[in-house]
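The following briefing concerns one structure and is arranged by topic. Please consult the sequence and the coordinates alongside the text.

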Amino acid sequence: MHLSSSYILSITTFVYLGATAVYLLYWIFRLEKVGLFGTIVTVTGFIMQTVGIGLRWYESYQLGYGHAPLSNLYESLVFFSWVTILVYLVVEIKTKNRVIGAFATPFACLAMAYASFSPNVQDTIQPLIPALQSNWLIAHVITCFLGYASFAVACGFGIMYLIRGDSRKSTSYLLEALPSRRVLDELMHQTIIFGFLWLTVGIITGAVWANQAWGTYWSWDPKETWSLITWFVYATALHARFVRGWAGKKIAYLSIIGFVSVIFTYFGVNFLLSGLHSYGSS
Amino acid sequence: MRLFKRDYLDLGKDELLRRPLKAQWHTIQRTNPRNLKEELKKTFLTITKRVRSKQDVDGGQLYLAEKGKWSYWGVYLIHVSILVIFAGAVFGTFTGFKGRIMLLEGESTDHAVQMDTHGKVKKIPLGFTLKCNDFKVDFYPNGAPKLFKSDLSILENGQEVLNRSILVNSPLTYKGVTFYQSSYQSVPDLKIQIVSSKGEQKILDLSAFDKGLWPQKGLLIGIIKYLPNVHGAPAARLYIGDASGNQGDAVWLLKGHNKEIQIGKETYRLSLISAKEKFMTGLQVKKDPGVWIVWLGCTIMIIGFGIVFWVGHRRTWLWIGQDGNRLDIILAGQTNKNRVSFEREFTKIKEAINKQLGEP
């Protein structure tokens, strides 16, 4: 049987689904072996996905198109899920807490499921139209999605923070396993900073590219406007923390609101509003 | 700002012991404590580089090595960068322009066209002449566009000074004016033969935006619509009438089929001899002297983020007090970023002092 990239990538969906299930089991039963297995499953999925992306890149050359797999909705979803897992794995290594996996892997799994099984998303490799034929494509998409994925993970932390409850009060068996509120707050803050930096660079690379392709670095295209709105949401969160000393619950809500804005920037704009980024919708 | 202004040498012994990183020694009797003091100071200086000191702090001497205090300014840099970007955008709006040029292959122009919000057309002189030599469009097998390419020449006083092809992502800049490939149109280029009932004949070259004239007969012909393929042959709908515009008619002409039409008292036989397609390239024209200010702002912003998120304010204190022939030593440290690498540096100093004191 011919092993195509989209086949490998669709299997990755199930591997991430499995990883989510194992991390949930780990959360419930708290057996170190189960947790380790969760990491192994996630890393396996990550390697498969990396191979899938690489193969897709190779396939595009075989078709005579030859471009990095970052050019349409399908490819961006795959890449989003890949970066989310990457950011999560870094967090896992740094914090040595695997329960976080139960909150981060679902994002990657959902993105892959949507990419692979939604009838709205075409998984065929399409050639690059002239506007996309630029090296800025890679820089722009990678930086934006590093931002998006960090915000997804930050949103995961926000949700964890809100269900964690006050650690001084007696908490249930399940909530105990989550990192402490102080740690979650710090992680949330760091991932937001990391995402914010990349979103900023993503917007700037987009502006440089637009200036080169169309002669306007900013044209109030819906995608541009919404990415700016997202940028302001996170800028607000950072200012609230630095200036007003906001932390914890309020930042957790902001990180969730911010991610809703990311989702809208990513999908909503493609489907509801037309504009320069419309090639991202099929 | 408060953090920046604060003098971190203005601390007492007790405050040093409240820092996140600290070490304390209490030496045994020494024959020459003054010498040891000097040596300790030297060690501290070689590892930490710039050191300030203060006498008589709780009966001892306090040394402070500070690094990255300026990082508190990073946050201002970010906010200033936003102003720089706005300044660049405003400067560009007032000193530059944006316009469009539509050029048929072979055609040239010395101005761009700008449409204001009321739909009024304004001509902006370029200061030189731009010529489109050729336009090419290419498609992928699936029908998606693959390439839009215009071969452009810049002419100064009728002399060609520059010749280059532009693509969508690769514009041409000359004297601060940049030309971007933005669109194209295909335009019919027809050859039409007209024969009058008296046997006089005329061949007219017609393109979409021109009118063809037969002055001797007072005839005017224009293209209304062009279809490249009607049952395998090109077809055009033409307007034909007298030059005064009093009489006229529209007629479909299919290649290979003649058509007769009566204008006034005369009958003409029309035939389409050849039909070609010509391209018209659509260029976006821009002059924006402010764009570099915008890029400068973006760069400052990224540098600002780098400083705010990665450069920490590191403080290392060394306090040496003398108690007879014994030395009292306190080493303390604090940072607001990247604790791990700071701790490594701190341990290095600690070990060096241990070695000097002859302790394990």
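**Helix H2 of chain A**

Just after H2(A), A:Gly64 adopts a positive phi of about 90°. The model is predicted: local features need pLDDT of at least 70, side-chain atom pairs count only at pLDDT 80 or more, and totals for chains, interfaces and linings use all residues. Residues are numbered from 1 along each chain as its sequence is written, while chains are lettered from A and ligands numbered from 1 in the order in which they are written.

- Helices (H or I, at least four residues) and strands (E, at least two) are DSSP runs, numbered from the N terminus.
- Helix H2 (residues 32-62) of chain A contains 31 residues and reaches 45 Å from its first C-alpha to its last, close to the expected 45 Å (1.5 Å times one less than its number of residues).
- The buried residues of H2(A) include A:Gly35, A:Phe46 and A:Arg56; a residue is buried if 20 or more other C-beta atoms, placed from the backbone, lie within 10 Å of its own, exposed if 12 or fewer, and partly exposed in between.
- Among the elements covering these buried residues are helix H1 (5-29), helix H3 (73-95) and helix H4 (101-117) of chain A.

**A:Ser219**

- A:Ser219 lies in the loop between helix H7 (181-213) and helix H8 (222-244) of chain A.
- A:Ser219 is partly exposed because 13 other C-beta atoms lie within 10 Å.
- Not counting residues up to four places away in sequence, A:Ser219 touches A:Ala210 and A:Glu224 (contact: C-beta atoms, placed from the backbone, within 7 Å).

**Contact between chains A and B**

- Chain B contributes 22 residues and chain A 18 residues.
- H5(B) gives the most to the side of chain B that touches chain A, with 7 residues.

Technical notes
Two residues are in contact if their C-beta atoms, placed from the backbone, lie within 7 Å.
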